[in-house]
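Work through the exercises below with the sequence and the model open side by side. Each task is followed by a worked solution.

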Amino acid sequence: MSDMPQGDSLLRVQNLNKRFGGLHAVKNVTLDVGHGEIVGILGPNGAGKTTLFNLLTGFIPSDEGEVIFNGHSLRGLKPHKIVNLGMARTFQLCRPFVGLSVIENVLVGSLGPRVHDADLGARALHLLDQVGLAAKADTPSELLSYGDLRRLEIARALATDPLLLLLDEPFAGLGSAEIEAISALIRQLHRDTGLTILLIEHKLREFMQLVSRVVALDFGEVIAQGTPEAIVSHPRVIEAYIGRQAVGEDA
Ligand SMILES: Nc1ncnc2c1ncn2[C@@H]1O[C@H](COP(=O)(O)OP(=O)(O)OP(=O)(O)O)[C@@H](O)[C@H]1O
Ligand SMILES: [Mg+2]
């Protein structure tokens, strides 16, 4: 593959495959994400959503296929190299650096080559302000509530100055008020910065309100792509996902 940007896509995934022994966890996945889009990845438990994120971010190697990010092939690249190209993620289970304060967690994220600000402290505070955590800058990260940990994860990812932010179930484990707040935060971030976002989520109502396009997976395969409206009435999605839980119900 050439290193030239491909059309308007920030991310191009072509025929990506990952097997764990006999389990084909990601199967011939092909998808594109355009600059500035919020694209949702939908699918039942075990569909391969997190594995797809792990492949994109270099946490695990793919068996076959190609990922082109901002014109660069990611083949064989380690996670930190991919972060340096401008892809950042949050985890399904929050992983703060225990023993570090909230602002120190964010500062760690800003140590890469993408960040040139002279005053990293001021930058980190600004990021904490953006996610609503400025007042807790000096709090030890292990004392944060689950909702605040989600905010910290997002600030830490933003600290790397990403072009693409991957969010793996940002509402997992949160009550409805916090879900509403984090959802508003993601929407605001997108509005303010034009950041491109790829979002995995099971909370369908908030998910469908946030994303402009959905890629639906089942058993590792893309079964449908389209607008949220088209996806919720797509026969294969209803069969694979919505049929196993009432629409709007949380997994
Ligand atoms: N490192 C691994 N080794 C073996 N099997 C794995 C590994 N990681 C994931 N799997 C399996 O691959 C399949 C896809 O898992 P994955 O975590 O990607 O699903 P998911 O769509 O993110 O599900 P959930 O909605 O529950 O988070 C599952 O059957 C899972 O057990
Ligand atoms: Mg997952």
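**Exercise 1.** In this predicted model, list the residues around ligand 1 and sort them by class and by element.

*Solution.* Step 1: collect the shell. Around ligand 1 are Phe 20, Leu 23, Ala 25, Gly 43, Asn 45, Gly 46, Ala 47, Gly 48, Lys 49, Thr 50, Thr 51 and Gln 92.
Step 1: sort by class. Seven of the shell residues are polar, four are nonpolar and one is charged. Gly is counted here as polar.
Step 2: assign elements. At least two shell residues come from strand 2 (23-34), and at least two from helix 1 (49-56). Helix 1 is the largest contributor, with three residues.

**Exercise 2.** Which strands pair with strand 1, and in what direction do they run?

*Solution.* Step 1: take strand 2. Strand 1 (residues 9-20) is joined to strand 2 by eight bridges, and the two run antiparallel. One facing pair is Arg 19 and His 24, the latter in strand 2.
Step 1: look at the connection. Strands 1 and 2 make a hairpin, with two residues between them. In the turn, Gly 21 has a positive phi of about 60°.
Step 2: take strand 4. Strand 4 (residues 64-69) is also antiparallel to strand 1, and five bridges join them. Here Gln 14 faces Glu 66 of strand 4.

**Exercise 3.** Decide whether Ser 141 is buried or exposed, and find what surrounds Ser 141.

*Solution.* Step 1: locate the residue. Ser 141 sits in the loop that links helix 4 (120-130) and helix 5 (146-158).
Step 1: count neighbours. Ser 141 has 22 C-beta neighbours inside 10 Å, so it counts as buried; the cut-off is 20 or more.
Step 2: list contacts. Setting aside neighbours within four places in sequence, Ser 141 is in contact with Pro 96, Phe 97, Val 98, Leu 100, Ser 101, Val 102, Asn 105 and Leu 152.
Step 3: check one distance. Val 98 is 43 residues away along the chain, yet its C-alpha atom is 6.2 Å from that of Ser 141.

Key
Residues are numbered from 1 along each chain as its sequence is written. Chains are lettered from A and ligands numbered from 1 in the order in which they are written. This is a predicted model: local features need pLDDT of at least 70, side-chain atom pairs count only at pLDDT 80 or more; totals for chains, interfaces and linings use all residues. A residue is near a molecule or strand if its C-beta atom, placed from the backbone, lies within 6 Å of it. Helices (H or I, at least four residues) and strands (E, at least two) are DSSP runs, numbered from the N terminus. A residue is buried if 20 or more other C-beta atoms lie within 10 Å of its own, exposed if 12 or fewer, and partly exposed in between; C-beta atoms are placed from the backbone. Two residues are in contact if their C-beta atoms, placed from the backbone, lie within 7 Å. Two strands pair if DSSP finds at least two bridges between them.
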